[in-house]
Amino acid sequence: MSVTVDLVIFTIRDDVLQVLLVERGNEPFAGCWALPGGYMRSNETLDGAARRELYEETGVDVGRLHLEQLRAYGDPGRDPRGRVVTVAYLALGPDLPAPVAGTDARSARWTAVASALDSGMELAFDHAVILADALEGARRRLEYTTVAAAFCVEPFTVSELRRVYEIIWGFPLDPSNFRRKVTRTEGFLEATGERRMLESGRPAALYRRGGAEALVPPLLRHFSDG
């Protein structure tokens, strides 16, 4: 049995949630789009393999990104080469640069997540399942953790943070209600004391991510008021 790591790398570009896909250059699934990843080396940990693949596929220092293990996938028929278990990782970052294809890929590109899942695009292996799981995982993490701030370039405004939620959850949020919730949640945001002029001519307070990792109380998707 072999072990691989696959990376679901999300960023927000052009106001759209996008995922990094690579065009496979080798069989199996040559010419198909897939999540970036590769085999874990004999001297690596899982996290180490994920960090290496992340750097090779994006050229971005992993220190700039939020990286966490999503789950393992081990269905017997998921890889035609034999029994291969993959551990999927979720990586989140703000407006990541254009990707550079790795050694075994023909090309790499950012693709809207909705297009990758809903347009009939056939992803290699079980990567459509992994991508769908990662999207729901990201949505759920926004409810219970402060990870949404990983999509924002610091310092950021509350409106910019709210837009992250709207893009990933897929529906608009009430600005006043959102502001009240996030600014009252201890450790979520840390005010910089600075302001940025908006196009409206009004100054907006700037924040950075606070020290908390969990949201208490959670910011549930179905909240509407109060």
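Mentor: Let us start with Phe29, which is found in the loop between S2 and S3. This is a predicted model, in which local features need pLDDT of at least 70 and side-chain atom pairs count only at pLDDT 80 or more, while totals for chains, interfaces and linings use all residues. Residues are numbered from 1 along each chain as its sequence is written, and side-chain values use heavy atoms, with hydrogens and water left out.

Trainee: What makes the phi of Phe29 worth a remark?

Mentor: Most residues other than glycine have a negative phi, and most peptide bonds are trans. Phe29 is not glycine, and its phi is positive, near 65°. Pro28 lies in that loop between S2 and S3 as well, and the peptide bond joining Glu27 and Pro28 is cis, with omega about 0°.

Trainee: Why is Phe29 called partly exposed?

Mentor: Buried means under 20% relative accessible area, exposed over 50%, and partly exposed in between, using a 1.4 Å probe and protein chains only. Phe29 has a relative accessibility of 30%, so it counts as partly exposed, whereas Phe125, at 16%, is buried.

Trainee: Why is the pair of Phe29 and Phe125 called edge-to-face?

Mentor: Rings of Phe, Tyr and Trp (for Trp, the six-membered ring) pair if their centres lie within 6.5 Å, and planes under 30 degrees apart count as stacked, over 60 as edge-to-face and the rest as tilted. For Phe29 and Phe125 the centres are 4.8 Å apart and the planes are at 65°, which makes the pair edge-to-face. Phe29 lies in the loop between strand S2 (16-24) and strand S3 (33-34), and Phe125 in the loop between helix H2 (113-118) and H3, so the pair ties together parts 96 residues apart in sequence. Helices (H or I, at least four residues) and strands (E, at least two) are DSSP runs, numbered from the N terminus.

Trainee: What is the geometry of the pair formed by Tyr165 and Trp169?

Mentor: Their ring centres are 5.0 Å apart and their planes are at 75°, so this pair is edge-to-face. Tyr165 and Trp169 both lie in helix H4, 4 residues apart, about one turn of the helix. Tyr165 counts as buried at 0% relative accessibility, and Trp169 counts as buried at 5%. Together with Phe171 and Phe178, these two residues form one aromatic cluster.

Trainee: How do you know that Glu166 is buried, and what is it in contact with?

Mentor: Glu166, whose place is in helix H4 (residues 158-169), has a relative accessible area of 10% and is therefore buried. Leaving aside neighbours within four places in sequence, Glu166 is in contact (heavy atoms within 4.5 Å) with Phe171, Pro172 and Leu173. A polar atom of the Glu166 side chain lies 2.9 Å from the backbone nitrogen of Leu173.

Trainee: What places the charged end of Arg109 over the ring of Trp33?

Mentor: A charge sits over a ring if NZ of Lys or CZ of Arg is within 6 Å of the ring centre and within 35 degrees of the ring normal. The charged end of Arg109 sits over the ring of Trp33, 4.1 Å from its centre, and Arg71 lies over the face of Tyr73, at 4.2 Å from the ring centre.

Conventions
A polar contact is a pair of N or O atoms within 3.5 Å; within protein, one must be able to donate a hydrogen and the other to accept it, and residues adjacent in sequence count only if both atoms are side-chain atoms.
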